[in-house]
Amino acid sequence: VNPTGQSVELHWGADGQNLSGFRLYRGLELIAELTASEARYFTDRSGAPGISYTYRVRAFWQDQPGRTLESEFALADAAYPDLLPATGAAAVPLNDALELSWNHMSDLHSYYEIRRNGSFLGNVPCGRGLLFTDSTGVQGQFYTYQITSVLERLGQVFRSAPQTFQMQYPE
C-alpha cells in the first residue's frame, strides 16, 4: 500500500515457461491483463479509499488459437489507502478578504472543498494551486475554516479528514 501515491502496488513471481500473460483482479473485477514479457508488477490507482480488497493474479497460456489455460489464483488482501488530508492550512489577510492556503502530499484526487463555520464556500480543483480567497466574511468576525480533500470515483464521493483552523476576518 502506497498512501502518498494513493495506490496499491502488486508484485508477483511466476515459474514456468511459455506463459502468455497475467490477469489481475480487484475483487471480481478484471483490472489489468499483462503480457508475459511485461514486469511482474502492477500499480492499482483506481480503488476506493479506505476499502479492503482481495487482489487476485492468475497466469494464462494460449496453447492454440481459441484455447486458453489458466493457473490457480494467487491472492493478496490489501486496504486501499485513505484519502490524504490537506496540511499546513493558513490564511493571509487582504483588503476585505482572506486568502486561504494549504499543502497536500499528492494532490491525487478531484478537488478541495472549502467550508466556513460548516457552510460550503467553494471547491478548488486539484492541480490549480492550493489557494482560495474568501471575500464574503464579516469584518472582525472569527471563523472556523475547513479544507477537505475530495475524490469522486466509482460513482461515489470520498472525503478526507478536514484540515481545520480559525482566523479573524480582516477589518
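## Close-up views of a predicted all-strand chain model

**View 1. Salt bridge between E113 and R159.** The side chains of E113 and R159 meet in a salt bridge at 3.1 Å, N to O. E113 sits in strand β10 (residues 111-116) and R159 in strand β14 (residues 156-159), so the pair ties together parts 46 residues apart in sequence. A salt bridge here is a side-chain nitrogen of Lys or Arg within 4 Å of a carboxyl oxygen of Asp or Glu. Strands are DSSP runs (E, at least two residues), numbered from the N terminus, and helices are runs of H or I with at least four residues. E113 is buried at 7% relative accessibility. R159 is partly exposed at 48%. Buried means under 20% relative accessible area, exposed over 50%, and partly exposed in between (1.4 Å probe, protein chains only).

The model is predicted: local features need pLDDT of at least 70, side-chain atom pairs count only at pLDDT 80 or more, and totals for chains, interfaces and linings use all residues. Residues are numbered from 1 along each chain as its sequence is written, and side-chain values use heavy atoms, with hydrogens and water left out.

**View 2. Salt bridge between R23 and E70.** The two side chains of R23 and E70 meet at 2.6 Å, N to O. R23 lies in strand β2 (residues 21-26) and E70 in strand β6, so the contact ties together parts 47 residues apart in sequence. R23 is buried, at 14% relative accessibility. E70 is partly exposed, at 38%. A network of salt bridges links R23, E33, R58 and E70.

**View 3. Salt bridge between E29 and R26.** The side chains of E29 and R26 meet at 3.1 Å, N to O. R26 is buried at 5% relative accessibility, and E29 is partly exposed at 43%.

View 4. Strand β5 (residues 52-64) pairs with strand β6 (residues 67-70) in the antiparallel sense over 4 bridges. Two strands count as paired if DSSP finds at least two bridges between them. W61 stands opposite L69 in β6. The hairpin has 2 residues between its strands, and G66 takes a positive phi near 85°.

**View 5. Open sheet of β8, β9 and β12.** The 3 strands run in the order β8-β9-β12, with antiparallel pairing. β8 (87-94) and β12 (131-134) stand at the edges with a single partner strand each, so one side of each lacks a neighbour in the sheet. β8 and β9 (residues 97-103) pair over 6 bridges. A90 stands opposite S101 in β9.
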